[in-house]
Amino acid sequence: MFTVEEIQRIIDEADRQQLDGGEILHRLPPEELCAVCNGIGPDNMPVLSRVATALHPELVPTSAIHDLRWYFAEGTREDFEDSNAQYAANGRRAADACHGWWSLRRYHVRGCARRQAALCSYSHYMKCYRARLEREAHAKHQ
């Protein structure tokens, strides 16, 4: 969904917003991040993802961190819940970094991040975990 240049801007914006867990954005080269980071929303709903990404560009770095948390999923309920709590907290940080306290958009974006985190599905998280195990098994046989 993103170009290498857009990924670099996302990484820079995550640093500017001082998002928790931003170091995960450096675990893969930008070319690989292009394939992993899909914007806001589930990868199996590309239209929804494009709309949500366009409506809330300040949450794209938060979503990139979340995408990578699921890409490297540990397969536990605790990791699932922690990744979603981190998404909500980072969404607040992003809203605060991008909008002044007087801006209604700040509070709208905060609420959207909280709702998006709450909508995440454990079954989809486990699908990501199984994909990670398959990638690792395939890499061992290379």
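Me: Helices (H or I, at least four residues) and strands (E, at least two) are DSSP runs, numbered from the N terminus. With that settled, where is the place of Phe2?

Reply: Phe2 sits in the segment before helix H1 (4-17). A word on the ground rules: this is a predicted model, in which local features need pLDDT of at least 70 and side-chain atom pairs count only at pLDDT 80 or more, while totals for chains, interfaces and linings use all residues. Residues are numbered from 1 along each chain as its sequence is written, and side-chain values use heavy atoms, with hydrogens and water left out.

Me: Why does Phe2 count as buried?

Reply: Buried means under 20% relative accessible area, exposed means over 50%, and partly exposed lies in between (1.4 Å probe, protein chains only). Phe2 has a relative accessibility of 14%, so it counts as buried.

Me: Which residues does Phe2 touch?

Reply: Contact means heavy atoms within 4.5 Å. Leaving aside residues up to four places away in sequence, Phe2 touches Ile7, Ile10, Cys34, Cys37, Asn38, Gly39 and Val60. The C-alpha atoms of Phe2 and Val36 are separated by 9.4 Å, although the two are 34 residues apart along the chain.

Me: What makes Arg69 and Asp79 a salt bridge?

Reply: The term asks for a side-chain nitrogen of Lys or Arg within 4 Å of a carboxyl oxygen of Asp or Glu. For Arg69 and Asp79 the closest N and O atoms are 2.9 Å apart, so the pair meets that definition. Arg69 in helix H4 and Asp79 in helix H5 are 10 residues apart, and the pair links distant parts of the chain. As background, side chains of opposite charge can pair when their charged atoms come close.

Me: Which residues are linked with Asp79 in a network of salt bridges?

Reply: Arg69 and Asp82 join Asp79 in that network. The whole structure holds 7 salt bridges.

Me: What does the salt bridge of Arg105 with Glu58 tie together?

Reply: The closest N and O atoms of Arg105 and Glu58 are 3.2 Å apart. Arg105 lies in helix H6 and Glu58 in the loop between helix H3 (46-55) and helix H4 (60-71), so the pair ties together parts that are 47 residues apart in sequence. The two partners fall into separate classes: Arg105, at 30%, counts as partly exposed, whereas Glu58, at 7%, is buried.

Me: How do you know that Asp96 forms a salt bridge with Arg106?

Reply: The closest N and O atoms of this pair are 2.6 Å apart. Asp96 in helix H5 and Arg106 in helix H6 stand 10 residues apart, and the pair links distant parts of the chain. Arg106 has 13% relative accessibility, so it counts as buried, while Asp96 is partly exposed at 29%. Arg106 also touches Ala95, His99, Gly100 and Trp101, among others, with residues up to four places away in sequence left out.

Me: What forms the positive surface patch?

Reply: Arg92, Arg93, Arg114 and Arg115 form it. Patches take residues with over 30% relative accessible area and no salt bridge, joining like charges within 9 Å and nonpolar side chains (Val, Leu, Ile, Met, Phe, Trp, Tyr) within 5 Å. Arg93, in helix H5, has a relative accessible area of 41%, so it passes the area cut-off and counts as partly exposed. Helix H5 (77-98) and helix H6 (104-119) each supply at least two residues of this patch.

Me: Why is Trp101 called exposed?

Reply: Trp101 has a relative accessible area of 61%, so it belongs in the exposed class. Trp101 is found in the loop between H5 and H6. With Trp102 and Tyr107, Trp101 makes a nonpolar surface patch of about 450 Å².

Note on methods. Areas by Shrake-Rupley, 256 points an atom, 1.4 Å probe, with all protein chains shown as cover. Lys, Arg positive; Asp, Glu negative; His and termini not counted. Charge placed at Lys NZ, Arg CZ, Asp CG, Glu CD.
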